[in-house]
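Biologist: Could you walk me through this structure? I have not looked at it before.

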Amino acid sequence: MHTRKLMGALAAFPLALAAACSGGGTTTSAPSVTGAAADNRPVRSGGTLSIALSADPDTLDPSTSTTFLAREVFTSFSEKLYDIDADAKLVPQLATALPEVSADGRTAIIKLRTGVKFNDGTVFDAAAVKKSLDRHRTWKKSSRISDLAAVQKVDVMDPATVKLTLSRRYTPLSAQLADRAGMIMSPKALDAEGDNFGTNPVGVGPFKFASRTSGNQIVFDRAPDYYDAAKVKLDRIVYKIIVDPNVRAANLKSGDVQIADNLATTTVSGVQSDPNLRVVSGGGLGYADIDINVGNVNGSTEKPGQVGTPLGKSPELRQAFELSLDRNVINKTVYNGLHQPDCAPLPLNSAYRSKSLTCSTRDVATAKQLVAKSGAKTPIPVTLTVPSDAANMRLGQVIQQMSKEAGFNVAVQPIDYATSVAQGAAGKFDALLHSFSGRIDPDGDLTGLVTTGGKQNYAGMSDTGIDDPVKQAAATTDPAQRTDLYGKAIQRAAELRGVIYLYHNRYYLGVRKNIAGIRYYSDGLPRLATAGYTAQ
């Protein structure tokens, strides 16, 4: 099999996107887009900013939310113990420092900000932190249980200090607390709303929840009790739900919205050509893949079993299917060269990425040999479930065309995104286009996605060659050891081919030029706390 070395580490995420090479050897340069972190123009106080979202987020309850879009909205009103900066480094947010971890790794002490209030005026303190963390990790409806599975107990040491007792050394803890598992909710609101907290959420943030109209918009007003209120300039933020990417771009051009999130790669150049607009890039942590059902017979968290589809039964056919695909051509033809082709879950510039990792290139001849060797009758039927937006439909069609040459007959089955996620979790699919927004610690890209019983292990893979290295990597602080262990787990997953990775997705944010102060990092979440209309 032919291989190619993966492209080297990219520059810092907020900088210009690297060029993507096509399968024919020519080079297509992506448009020059820069990170929003560089835009420090002064902004004036006041005004309403409207930002167009590509879909309606799920619940605004951080314990139960599972969508990327909800994570985006959380940035305006629900801060975490930790966050990331422009260099994807962990930094304190509601905490004052990274956790003080004991020598045996079983205790973590977290110091908290003082003088902080929730957006309902309730005091933020260690008791509030304990209440939220306990809800995240023990509530039966919580989606954060696996995130905090290593935490056995949370104790209040004093109003500004909490102690986490762990069942095992768990190096990714700080990274988990920089996501929804680290979001702290108002105890007063939790008591008042209970399971319905997401309908009237209250956190610590620059803006406070005002209203939500399902499928239409979510409104936030400036939070008077925010601890860093002086840096907040806008009076109001309105998240508008505009699913159609062309309509999203049109609304940006007309001025009906000042920011358009997640620009389709087909609309980036058109937005750039408008003298009143600019495009900034973020992302790179996340990835898109094809999940092939190899063992998910009763649900991703249940015991795996035997799947009867041709791809599900045969690793050789899965290898042939992968060899029929050209990641670079997919990137060029479907995404105008604006994503980053890859065959692994870790970002291209991750410090934990094995330098020996190589990706296969398209090799139809070898694919045909593997198909013949399998003895399967051709054409081999494959049902590919895809989210029904235009880009994923186009991707499905390209996969269909490429794999046909190797002897596969792919039927593209479009369904809405929420249903595709539900079918993935339930195991009701043959092959499934799937995307994941990515995490800054490698554990977050593997645990629960390719490990046994993981909630998002839609493929149903179950192999000690994956599980054991991932667990061992989480229990060591040595970067070299973690890199080696993650390399072993990713290699084993590549051999099983329950997941065929395609690319790391970049996010493109369309912004009117009279808006500044946005922070847009490798997680692809635009932060609007310091955003506003330019002073001049």
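Predicted model: local features only at pLDDT ≥ 70, side-chain atom pairs only at ≥ 80, totals over all residues.

Biologist: Let's begin with disulfides, then. How many does the structure hold?

Modeller: The structure holds 1 disulfide, and the two residues it joins are Cys-343 and Cys-359, with an S to S distance of 1.9 Å. Cys-343 sits in the loop between β17 (340-341) and β18 (358-360), while Cys-359 belongs to strand β18 itself, and this pair, 16 residues apart, links distant parts of the chain.

Biologist: Is that disulfide left-handed or right-handed, and why?

Modeller: The torsion about the S-S bond of Cys-343 and Cys-359 is about -85°, so the disulfide is left-handed.

Biologist: And Cys-343, buried or exposed? What about Cys-359, buried or exposed?

Modeller: Cys-343 has a relative accessible area of 12%, and because buried means under 20%, this residue counts as buried. Cys-359 is buried as well, with a relative accessibility of 0%.

Biologist: Changing topic to strands: how do β19 and β20 run, parallel or antiparallel?

Modeller: Strand β19, residues 380-387, and strand β20, residues 408-415, run parallel and are joined by 8 bridges. Between them the chain passes through helix α11, residues 390-404, in a β-α-β crossover that is right-handed. If you want a place to look in that pairing, Pro-381 stands opposite Asn-409 in β20.

Biologist: What classes of residue line the largest cavity?

Modeller: The lining of the largest cavity has 8 charged, 7 nonpolar and 3 polar residues.

Biologist: And the second largest cavity, what lines that one?

Modeller: The second largest cavity holds about 70 Å³ of space and is lined by 15 residues, with Gly-295, Ser-300, Glu-302, Pro-304 and Gly-460 lying nearest its centre. By class, the lining of the second largest cavity is made up of 10 polar, 3 nonpolar and 2 charged residues.

Biologist: What about pockets: how much space lies in the second largest pocket?

Modeller: The second largest pocket contains about 790 Å³ of space. There are 33 residues in its lining, and Ala-88, Leu-90, Tyr-352, Ile-440 and Asp-441 lie nearest the centre of this pocket. The elements that supply two or more residues to the lining are α3 (173-176) and α15 (479-496), and the largest share, 3 residues, comes from α3. By class, the lining of the second largest pocket has 20 nonpolar, 7 charged and 6 polar residues.

Biologist: One last thing. Where is Gln-369 found, and is Gln-369 buried or exposed?

Modeller: Gln-369 lies in helix α10, residues 364-374. Its relative accessible area is 54%, and because exposed means over 50%, Gln-369 counts as exposed.

Biologist: What separates the C-alpha atoms of Gln-369 and Thr-48?

Modeller: The C-alpha atoms of Gln-369 and Thr-48 are separated by 61 Å, and these two residues are 321 residues apart along the chain.

Technical notes:
Residues numbered from 1 in each chain as written. Heavy atoms only, no water. 1 Å grid on protein atoms, 1.4 Å probe; cavity = no way out; pocket = protein on both sides within 12 Å on 5 of 7 lines; lining within 4 Å. Points joined across faces, edges and corners; volume = space filled by probe spheres on them. Helix = DSSP H or I, 4+ residues; strand = E, 2+ residues; numbered from the N terminus. Nonpolar A, V, L, I, M, F, W, Y, C, P; charged D, E, K, R; others polar. Pairing = 2+ DSSP bridges. Right-handed = clockwise from strand over helix to strand, strands pointing away. Buried < 20%, exposed > 50% of the residue type's maximum accessible area, 1.4 Å probe, protein only. Disulfide = S-S within 2.5 Å.
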